[in-house]
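Reader: I have a structure open and want to go through a few local features. Can we start with a helix and move on from there?

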Amino acid sequence: MKLSSAITLVISSTFLTGAASQSPCKTVTSLDDDFFDLDQFTSAKWYSHQQRQSPFQTKALFNCVTAEYSYLNPANGAEEEAGVVNGYDIKVFNYAENIDGKVYTSDDTVGESGVPLPGALCAGSQVFGDDKASEITVGFCQAPVISFQQSNYWVLAYDEDEGYALIAGGQTNVPTADGLCSYGNPVTGLWIFSRSPVRNEAMIEKYRGIAIANGIDPSIMEDVSHDNCDVTNEDEDEPPSRSKKLKKTKSKKTKSKKTKSKKTKSKKTKSSKGRKKSKNA
């Protein structure tokens, strides 16, 4: 697959996803502006717990999958500069590992199957006229964002207090079963994200239910594993991860116990000296 073919595949997926005006699929509804804050959504790392396979990320890479977003800064290099020029405003950084621990990211120029890729991913919010803030367009930074002609990353549900989000690739167009639908193009995604790598089955079921309420067949998603993932290796400038907080809490408790132990030992020593003095008197 040539670089131009990879870009064409992503762009064509947008057209196929949107071709649902005459389909029997239920209308997929993204969050209204009153219920979505882009700054908050992009403020911390997301951990994927279920998602759909794609040609760019097969099930072989469903380990330690995370997504991070930051605002583009041309001073950070050619990729981000190209993203700004091409109409994007967000840098996307996706991370995954295979079963052997080999790392793959969205900044790679070679994909998991060895095919060349155009490089980093970028995103733009409300790129097209009718887009809500929750309707985002994701693509290669090197391709103009307007070339997609419609958004392809819709936030359908998001609750920062719960720490979960449901993201879909737009309107479904292929009926599956029980009145539900999927996507005709394999590039179009569906994800359940959490702020924590720790799996919560009840929350996952809740967000699968939201997919069903939108007429989306959740069976197209598969589980992502976060077992044996290094989640402590965060950048020190970023807020500490959950594992760091747990370690710090544990450290404080241990330190507190040690201090308490020293104080107890000190009291015993003083008490012992007092008894000796009393005896000698």
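Reader: Which residue caps the N-terminal end of α4?
Author: Asn-200 does: one of its side-chain oxygens lies 3.1 Å from the backbone nitrogen of Ala-202. Keep in mind that this is a predicted model.

Reader: What span should α4 have, and how far apart are its end C-alpha atoms?
Author: Helix α4 covers residues 201–213, so at 1.5 Å a residue its 13 residues should span 18 Å. The end C-alpha atoms are 18 Å apart, which agrees.

Reader: Which residues of α4 are buried?
Author: Met-203, Ile-204, Tyr-207, Arg-208 and Ala-211. Viewed down the axis of α4, the buried residues fall within an arc of 140°, so they line one face of the helix. An α-helix has 3.6 residues a turn, so residues three or four places apart point the same way.

Reader: What do the buried residues of α4 pack against?
Author: Strands β1 (46–52), β7 (153–159), β8 (164–168), β11 (190–194) and β12 (221–223).

Reader: And what about the backbone just after α4?
Author: Gly-215 takes a positive phi there, of about 80°.

Reader: Switching to aromatics. How many pairs does a search of the whole structure find?
Author: Eleven aromatic pairs. Take Phe-36 and Tyr-158: their ring centres are 6.0 Å apart and the planes are at 65°, so this pair is edge-to-face. The pair links distant parts of the chain, with Phe-36 in the loop between α1 (3–18) and α2 (38–41) and Tyr-158 in strand β7, 122 residues apart.

Reader: Is Phe-36 buried or exposed? And Tyr-158, buried or exposed?
Author: Phe-36 has 7% relative accessibility, so it counts as buried. Tyr-158 is at 11% and therefore counts as buried.

Reader: Which residues form the aromatic cluster?
Author: Phe-36, Phe-41, Trp-46, Tyr-69, Tyr-153, Tyr-158, Trp-191 and Phe-193 form one cluster. Arg-195 lies over the face of Trp-46, at 3.7 Å from the ring centre.

Reader: Last topic. Where does Ser-106 lie?
Author: Ser-106 is in the loop between β4 (103–105) and β5 (121–125). Its relative accessibility is 10%, so Ser-106 counts as buried.

Reader: Which backbone atoms lie by a polar atom of its side chain?
Author: The backbone oxygen of Val-92 lies 3.4 Å from a polar atom of the Ser-106 side chain. The backbone nitrogen of Asn-94 lies 2.8 Å from such an atom of Ser-106.

Reader: What is Ser-106 in contact with, leaving aside its neighbours within four places in sequence?
Author: Val-92, Phe-93, Asn-94, Gly-119, Ala-120 and Leu-121.

Technical notes. Residues are numbered from 1 along each chain as its sequence is written. This is a predicted model: local features need pLDDT of at least 70, side-chain atom pairs count only at pLDDT 80 or more; totals for chains, interfaces and linings use all residues. Side-chain values use heavy atoms; hydrogens and water are left out. Helices (H or I, at least four residues) and strands (E, at least two) are DSSP runs, numbered from the N terminus. The expected span of a helix is 1.5 Å times one less than its number of residues. Buried means under 20% relative accessible area, exposed over 50%, partly exposed in between (1.4 Å probe, protein chains only). The arc is that of the directions from the helix axis to the C-beta atoms. Contact means heavy atoms within 4.5 Å. A polar contact is a pair of N or O atoms within 3.5 Å; within protein, one must be able to donate a hydrogen and the other to accept it, and residues adjacent in sequence count only if both atoms are side-chain atoms. Rings of Phe, Tyr and Trp (its six-membered ring) pair if their centres lie within 6.5 Å; planes under 30 degrees apart count as stacked, over 60 as edge-to-face and the rest as tilted. A charge sits over a ring if NZ of Lys or CZ of Arg is within 6 Å of the ring centre and within 35 degrees of the ring normal.
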